[in-house]
Amino acid sequence: MKKKLVKNIILALSIICFLIAVIFFVRIHGKTREFKNFFNQGVQTYLSGDMESAVVNFKKALEIKPKDKKVKSILIKTVVELSLKYYLDGKQDNAMNTISTAMSIDVNDPLVRNAYIQIVKGAVLADSSITK
């Protein structure tokens, strides 16, 4: 009787472990697919010239895999490029808001810091020429 009970407990635990493994695999696989979709959409929208949408998609991909260095690097480069585009188009507020987003992603990234300095310098120079 005890042997049968032990076998049933072992069987039940095996089934539970199997189900947990299946659930874990399905969640990971689903997240991986979702990550790839956001990343690929980001690349496509970037290549089509829609950097705003690219930033949104890369951010969503990074939310799914926050430690993915490749996505983080691409996101930073895209955000910096967008902020410099705004700056060159004379959209200072958009440039500052966008470069601030890059700063929140990685304040120590040299690309971000250099772009920030250029945009802030430009904003200061623009303000000083207006007041003269």
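## Asn 97 and the model

Asn 97 is found in helix α4. With a relative accessibility of 53%, Asn 97 counts as exposed, because the cut-off for exposed is over 50%. Its C-alpha atom lies 9.9 Å from that of Tyr 86, a residue 11 positions away in sequence. The model described here is a predicted one.

## Overall make-up

The chain contains five helices and zero strands. Followed along the sequence, the pattern is α-α-α-α-α. The chain has 132 residues, and 24% of them count as buried.

The accessible surface of the chain is about 9,500 Å², and carbon and sulfur atoms make up 63% of that area. Among contacts in the chain with a separation of 6 or more, 47% are between residues 24 or more positions apart.

## The aromatic cluster

The whole structure was searched for aromatic pairs, and two were found. In one of them, the ring centres of Phe 35 and Phe 39 are 6.4 Å apart and the planes meet at 15°, so this pair is stacked. The cut-off for stacking is an angle under 30 degrees. Phe 35 and Phe 39 are four residues apart in helix α1, which covers residues 2-47, and this places about one helical turn between them. Phe 35 and Phe 39 are both buried.

Phe 39 also pairs with Phe 58, and that pair is tilted, with 5.8 Å from centre to centre and 50° between the planes. Phe 39 belongs to helix α1 and Phe 58 to helix α2 (residues 51-64), so the pair ties together parts 19 residues apart in sequence. Phe 39 has a relative accessible area of 13% and is buried. Phe 58 has a relative accessibility of 1% and also counts as buried. Together, Phe 35, Phe 39 and Phe 58 make up one aromatic cluster. Over the ring of Phe 35 sits the charged end of Lys 65, at 4.4 Å from the ring centre.

## Helix α2 and Asn 57

Helix α2 has 14 residues, which at 1.5 Å a residue should span 20 Å; the C-alpha atoms at its ends are 20 Å apart, in agreement. The buried residues in α2 are Met 51, Ala 54, Val 55, Asn 57, Phe 58, Ala 61 and Leu 62.

Asn 57 is located in this helix. Its relative accessible area is 10%, so Asn 57 is buried. Which residues does Asn 57 touch, not counting those up to four places away in sequence? They are Phe 38, Gln 41, Gly 42 and Thr 45.

## Helix α3 and its ends

Helix α3 runs over residues 69-88, a stretch of 20 residues. Buried in α3 are Val 71, Leu 75, Ile 76, Thr 78, Val 79, Val 80, Leu 82, Ser 83 and Tyr 86.

At the N-terminal end, α3 is capped by Asp 68, which has a side-chain oxygen 3.1 Å from the backbone nitrogen of Lys 70. Just after α3 comes Gly 90, with a positive phi of about 80°. Gly 90 is part of the loop between α3 and α4. Is Gly 90 buried or exposed? Its relative accessibility is 52%, so Gly 90 counts as exposed. The C-alpha atoms of Gly 90 and Gly 122 are 9.9 Å apart in space, while the two residues are 32 apart in sequence.

## Ile 99 in helix α4

Ile 99 lies in helix α4, which spans residues 92-105. The relative accessible area of Ile 99 is 0%, so this residue is buried.

Apart from its neighbours within four places in sequence, Ile 99 is in contact with Val 80, Ser 83, Val 112, Ala 115, Tyr 116 and Ile 119. Val 80 and Ser 83 are among the buried residues of α3.

Terms used
Residues are numbered from 1 along each chain as its sequence is written. This is a predicted model: local features need pLDDT of at least 70, side-chain atom pairs count only at pLDDT 80 or more; totals for chains, interfaces and linings use all residues. Side-chain values use heavy atoms; hydrogens and water are left out. Rings of Phe, Tyr and Trp (its six-membered ring) pair if their centres lie within 6.5 Å; planes under 30 degrees apart count as stacked, over 60 as edge-to-face and the rest as tilted. Helices (H or I, at least four residues) and strands (E, at least two) are DSSP runs, numbered from the N terminus. Buried means under 20% relative accessible area, exposed over 50%, partly exposed in between (1.4 Å probe, protein chains only). A charge sits over a ring if NZ of Lys or CZ of Arg is within 6 Å of the ring centre and within 35 degrees of the ring normal. Contact means heavy atoms within 4.5 Å. Accessible areas come from the Shrake-Rupley method with a 1.4 Å probe; for residues, only the protein chains shown count as cover. The expected span of a helix is 1.5 Å times one less than its number of residues. A polar contact is a pair of N or O atoms within 3.5 Å; within protein, one must be able to donate a hydrogen and the other to accept it, and residues adjacent in sequence count only if both atoms are side-chain atoms.
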